[in-house]
Amino acid sequence: MSTLTQAIEAAWLARAKAQHINPKSAKGRTAECEFFCGAMAALNAAFPNPEGADRLSAEIPPAWVVNIMCGRPIVEVPK
């Protein structure tokens, strides 16, 4: 995992804490999906895949996409 994706994940945890979002609640899961969809769009625009626009950037961890599709949390909340 790159330092950029680690920083994005840390930014999500900081935002959730600052906005008093419970990441395990339905509202928190929705907010996490929205945050990471925006982050993926930004990464895709900043680091496009040379194979074409229909491919995700190599900077986007596959787990982000798979976890959203499976309804799993993207970032585990530290205890």
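Is Cys33 buried, exposed or partly exposed, and what is its relative accessible area? Cys33 is partly exposed, at 28% relative accessible area; here buried means under 20%, exposed over 50%, and partly exposed in between, with a 1.4 Å probe and protein chains only.

A word on the ground rules. This is a predicted model, where local features need pLDDT of at least 70 and side-chain atom pairs count only at pLDDT 80 or more, while totals for chains, interfaces and linings use all residues. Residues are numbered from 1 along each chain as its sequence is written, and side-chain values use heavy atoms, leaving out hydrogens and water.

**Cysteines**

The structure holds 0 disulfides, a disulfide being a pair of cysteine sulfur atoms within 2.5 Å. Cys33 is in no disulfide, and the nearest cysteine sulfur, that of Cys37, is 6.2 Å away.

**Two helices in contact**

Helix 2 (residues 26-46) packs with helix 3 (residues 62-70) at an angle of about 145°, and their axes are 11 Å apart. Helices are DSSP runs (H or I, at least four residues) numbered from the N terminus; axes are lines fitted to C-alpha atoms over the stretch in contact, with angles from 0 to 180 degrees between N-to-C directions. On the helix 2 side, Cys33, Phe36, Cys37, Ala39, Met40 and Leu43 make the contact, and on the helix 3 side Trp64, Val65 and Ile68 do; contact means heavy atoms within 4.5 Å. By class, this contact has 9 nonpolar, no polar and no charged residues, with Ala, Val, Leu, Ile, Met, Phe, Trp, Tyr, Cys and Pro counted as nonpolar, Asp, Glu, Lys and Arg as charged, and the others, Gly among them, as polar.

**Aromatic rings**

There are 3 aromatic pairs, where rings of Phe, Tyr and Trp (its six-membered ring) pair if their centres lie within 6.5 Å, planes under 30 degrees apart being stacked, over 60 edge-to-face and the rest tilted. Among them are these two:

| Pair | Centre to centre | Between the planes | Type |
|---|---|---|---|
| Phe35 and Phe36 | 5.3 Å | 75° | edge-to-face |
| Phe36 and Trp64 | 4.8 Å | 70° | edge-to-face |

The pair of Phe36 in helix 2 and Trp64 in helix 3 links distant parts of the chain, 28 residues apart. Phe35 is buried at 17% relative accessible area, as are Phe36 at 0% and Trp64 at 1%. Together, Trp12, Phe35, Phe36 and Trp64 form one aromatic cluster.
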